[in-house]
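Hi,

Here is the model I promised to pass on.

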Amino acid sequence: MRWYLRRHPRLFIGGGLVALLILVAIFAPFIAPYDPTAVDVSQTLEPPGPAHWLGTDDLGRDVFSRTVYGARISLSVGLIAVSIGFTVGVTIGLIAGYLGGIVDLLAMRAIDALLAFPALVLAISITAALGPQIQNAMIAIGVVAVPLYTRLTRGQVLSVRERDYITAARTIGASGRRIVLRHIFPNITNPLVVQATLSIAFAILAEATLSFLGLGAQPPTPTWGADINYSQRWLSNLKWWMSVGPGLGIFLAVFSFNYFGDALRDALDPRIRRSG
Amino acid sequence: MRPFRLGPLVVLAVVGLVFVACGSGAPAPTTSGGAPTAAAGKPVAGGSVTFVLENDVIDFDPLKSRAFVDRNVHYQIYDSLVRIDETGKIIPWLATKWDTSSDGKTVTFTLRDDVTYHDGSKFDAESVKWNIERYTKTSGSQRAGELASVDTVEAVNPTTVKFNLKTSFSPLIANLVDRAGMMVSKKAFDAVGNPDDFTRKAFKAGTGPYMLTEAVKDDHMTLEKNPNWWGKDKDGNKLPYLDKITIKPIVNSDVRFTNMRTGDAQVANNIAGKDVPTAKSESSLVYQEKPALSFRSLIPNRAATYVFNEKRYVKAVSMAIDRKELLDKGYFNIGVVGYGTIAPSHFAFDPNFKPYEKPDPDGAKKLVQEVGKGPLTFELLITSGDPVGLTLAQIIQAQLKKADITADIQQLEFAKILELQSAHTFKGMTFVGWSGRIDPDGNTYDHVYTKRPFNDSSYSNADVDKALDEQRATADQEKRKAALRKAEQIYVVDDPARVWLGFGAAQLLTNKKLNAPPVYPDQIIRFQYMSMAAK
Amino acid sequence: MTQYILRRLLLMVPVAFLVTILVFGLIRLSPGDPLVIYAGEERDPAVLEALRHEYGLDQPLPAQYVSWLTHALRGDLGRSLRTRQPVTEAIFERFPATFELGLTALLLSISVALVVGTLSAVKRNSPLDLLATGFTLAGVSLPNFFLGLLLILIFALAIRVFPPGGYTSIREDAFDSLRHLVLPAITLATASMAVNMRQVRSSLLDAFSQEYIRTARAKGLRETVIIVRHALKNALIPVVTIIGLQVGAIIEGAIITEQIYFWPGVGKLAVDSIGGRDYPVVQAIVLLSALSFMATTLIVDVLYAWLDPRISYAHGASS
C-alpha cells in the first residue's frame, strides 16, 4: 500500500483533499463559529475582521459560516446527481451494448437527442418544469450526466463483448445477465470510477450555476451559487467578501475532485508513462 | 459660449431640494405645455443625452402596452388629451378645456388647433374619435378596461369632441392622462398594416415633443426633436430644447449607475436604494426624489379555507410589522411609510391616517390568542433569485418572530407565483407592488373591489364596494374624498384586504451638465423641459 | 466517406425530431402561463382570453405541437409571446453579439493553448510547464460566473479600465466594442483554454516519444523543424477533436457569461425565455443549437478522418 502511494503521490494528495472536504461538510456545525442563518440587522455588511473572518452579508450573517455549511449542499448534490446519472447511464449502456440491434439503435438515438440538447438549457428547463428545489436540481444534473455514462459503458461493452472469454461463457450457457454482471462489468469499472470522480466536480459546478440562476436550494439554506448571486449587487459598492467566500468554496471543492480524478486516471491507466 | 457659472446651478439645486421637501407648491401651470420655472438662466437649445432605462420597451403602441416602463418613452413621443403637473394635478394638454355635463354622462373637450403628427397629418377631433374607438373596439386592446365607461365619441367640429358615457365615471379624465388618452397617427398606423409590427416599429406616429426614429431590441432607441411641437416655455421659446435622446435599456441597476458615474449616460430614473448615498455625494450628479404614486404591499390569500380568511390574522401581521425599519433596512430609506392605497400626491390623501404607526407585537400576539387556534404560521412567497425580495422577506420574518408569528419563506419561480396568485391558491402571503395611477381610483378599485382583476387576495366587503362605486359616480371632489377615505378605513383597518407597507419614491438622477426638470410623482421624465446647462 | 456523411445526416433527422418533442414537453410541463407573466400591469380577463385564442394557446397540446412543427418545417418559427417579434428575427438580431463573443473566446483559447501548450511540452517540467499545468487544473475548477464577477470587481469597478457589462456593436464603434469584449471573452475562454492547453501538451508529448521523431532526430534535423513539421501535425488530430468539443463548451459557457455581462446574445435570450415561458423562442433556440451541435460534431469527425489516414469510416462504425 505504501509503495503504491509512493509511486502515485498525487493520489494521496487528491484523496486527502476530497476527504478533507467531506469532513468539513459533515462537521460543519463544529467548524462554523456562527449559525449561518442568524439574521442580525445591526451587523450588516461588515468587512472581514477578527470577529467575522469573511465578514457579514447584508443581513448580518457570518459569511465564513455560510461558506462552510455551503459545502453540505454542494457535496450532497454532487454525489446524488452523479449517482443518478451513473446508475441510469450505465444501466442503459450495458443493456444497449449487450443486446445490440433495435434496442441499441433506439436507445442511442434517445441519448443523442439528450446530448444535442444544450446541457445548461436542459438543466434549467428540467428545474423550471419541476420547480426550483434542491431535489430537482439533483435530478436535472443527473439527467445531463446520463449520456456520458451510457456512451462510456456501451463503448466498453462493445469492445469487450467479442472477446474469447465472453464467447466461452456463452457457450457453456451462462445467462446474459450473468455474463454482463460477472464478466463485462468488472472490466469497465476503472474508467467509470475515474469518470465518476470527475463528474462530481462537474456536478458541483453545475449546482453552483443553477443556484446562481436562482434554481436550486431554498433560503435560508446556505448554498454557494445562490450566495454569490445574492451578493453580486454589492460588488459595485466594493463589498467583495460575500462573493469571494462562496466562490473560493466552489473552487476548492471542484479543484479537489478534479485533482483526485486526474490522479486516479493516471494511477489506474497502465499506458500512462509520460508526464509527472 | 458663455463662461460657466456656478450660481445658476446652486439655485437650481436649491429649487430642486425645495420641491423635494414640500412635494407641492409648484408654480401655477402656464398656458402652453405647463413648463415649470427652471431657474438656471436662459436655457440653451441643442444637445444630445443618453437615458438609461430599467428595461426595454416592448410595445410602442399604447393599445398593446402592458408594462410601466413603456410609458417612459410614450410620454415623449405621444401627447395625451390631458396631463399632470409635478404636483399630480391634471392640466390641459392636447385638450385646452373640458366640460362635464351635470349628469356626468357627457364630457366635451375643446382641442388645440395647432397640432400636427410627426408624419405631417393633422390632429383634429376625427383623429381623437378614431383613436378612442380603436382603443375601445379592438379585440385584445389593453386600454379597453380604462375606457369601459365610454359609449360613443362624436367629432362635433375639428376642435370639439364629445364623449358620451354609459354611466357617470369621474376617473375618466385621469385615465386620459396616460396611454388611454394618447393620440396616434392613423396614417402611420395604416402604413405599417400589421398591429404586431406596428407596436415594435411605431416610428413618427405621435404628436409629442420627440419622434421615435430608431428602435433596436435590447440595444437602444433613438428619439429626435419634433421641430413642430406646439409647446413653449414661459418665455415663449419653442420646446423641446434637446435635439436627440438615446435610450439604452439596461436591466442591471449597478451597470446603469456605473454608466451615470462615468458620464456615459446622463439621465436615469431608477436607482437602487443602496446607491443613493453615493449618488447624492457624487459631484457630477444631481439627485432628486419625491414620494411616488406606487405602493408596496403583502397580499394575503383571504379566500375560504386559507389561513388568512380570518381577518384578525391579517390585522395581527399588519400590527406586528415595523414599517419604519423595513423602509430603512430593506428599502434603504427610499420611499415613505404608508398604510393604504391613497398616495401622498393624491387629492384624497389624509396625512393623519396612521393606523399602524408604531409596531405593536404584543397587540398582535393578543389578537392571535383571541382567535384561539394556536400560534399563527404561514408561507411567505418570494421570487427565487431575487436578492432584494429575499432581504425584505427575512427582515419581515424576524419582525414577526417578536409577535410569535412564524413566516416560512418559500422561494418559487416568478411564473409559478403568478400562477398561484391568478388561481387564488397561494397559501399564505406574497409580495406585490403597484406602479401607481394618478387618480386614487386607479390604485384602489381593481385591487380591493370584489372579483376585480388585481384583487388577488379574494377580498370582498360590501361596504367597500358601495363606497368605491359611489366615488366613481360623482364628480364632486369632497364627496369622492369622503367615500375614498371611508373605504380605506375599512380595507386597511377594520377588515384588512392586504398589509400595505408604504409608497415608493420617484427618482431622477441627472448629470449636472443638464438643467433637469423637477421629478414628477409618476416618475416619468419630462424631457421637453430638459436642456444643456449654459457653459 | 460520402456514404458515412450521408448516413450521419440522415440520422440527424430523428434525433432533431426527438429534441423538439423533449423541449416541447419540458417547457409546457413547467407551471406558469406566459400570458399572465407577460400581462404586466394589464389583467383584463377578456383581453387575456382574446390573446390566448389569437396565439393558439387554447388548443390541445398535441395540436399545438403539430402546428408548430409544420410551420417550423416551412421556416416559420412563430412569434415571441413576449414581444410579438418573429422568432427568426429575434434570434438573428442577437446572433452577432453571441458570435462576436464566442469567436473571440475561441480564438483566444486556441491561440493561447497552442503557444503555451507547445512551450510547455518542449520545456517539460520547467517552471513554465508547472505553472501552465497548475493553470490547467485551476482553469476548469473555477466557475465561469465567479471568474467573471472577479474580473468585473477588479478591472471594472475597483480600477475602472473596462466597462462592467453591456455590448457595443463593432459596426457602431470598433474601439468601444473591443472595450466591452475584453472581460467577457477572457471569462468565456478560460475554461476551454485550460482544456485545450492540456490536450496540446499531452498530444505533443505523446508524439515526441514516437518512432518517427527519433528517426528525424537521428537524421539530424533541427529541433524546431522536428516540432513543427512532424510532431505538431500528428498531435493536431486529437486536438481537433477537443476543439470541436470546446466549441460546444463555449456555446454553453456563453449562456452564463451573457447573464453576468448583460450581453444581449442568444444565450441570455434563452434563459430569459425559459423563465418567462416564451414557448416559441425556447423551442426555436433549442432546435437550432441541437442542429448546430450535430453539424459541428459531424464536421469534426470528418476532419478527424481526413487528418489521419489510418482512420476510416468505411466499416459503418456508429457514433
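A quick definition before the helices: a crossing is left-handed if the near helix is turned anticlockwise from the far one by less than a right angle, and right-handed if clockwise. Helices here are DSSP runs (H or I, at least four residues), numbered from the N terminus.

This is a predicted model, so local features need pLDDT of at least 70 and side-chain atom pairs pLDDT 80 or more, while totals for chains, interfaces and linings use all residues. Residues are numbered from 1 along each chain as its sequence is written, chains are lettered from A and ligands numbered from 1 in the order written, and side-chain values use heavy atoms, without hydrogens and water.

In chain A, α10(A) passes α11(A) in a left-handed crossing. From α10(A), A:Trp224, A:Gly225, A:Asp227, A:Ile228 and A:Ser231 make the contact (heavy atoms within 4.5 Å), and the α11(A) side includes A:Met242, A:Pro246 and A:Ile250.

Now the interfaces. Chain C has 44 residues in contact with 45 of chain A, and the two bury about 3900 Å² (accessible area, 1.4 Å probe, lost on being put together, summed over both). Carbon and sulfur atoms give 76% of that area. There is one salt bridge between chains C and A (a side-chain nitrogen of Lys or Arg within 4 Å of a carboxyl oxygen of Asp or Glu): C:Arg198 meets A:Asp262 at 2.7 Å, N to O.

Between chains B and A, 19 residues touch 19, about 1800 Å² is buried, 56% of it on carbon and sulfur, and the salt-bridge count is zero.

Cheers

How values were computed:
Helices (H or I, at least four residues) and strands (E, at least two) are DSSP runs, numbered from the N terminus.
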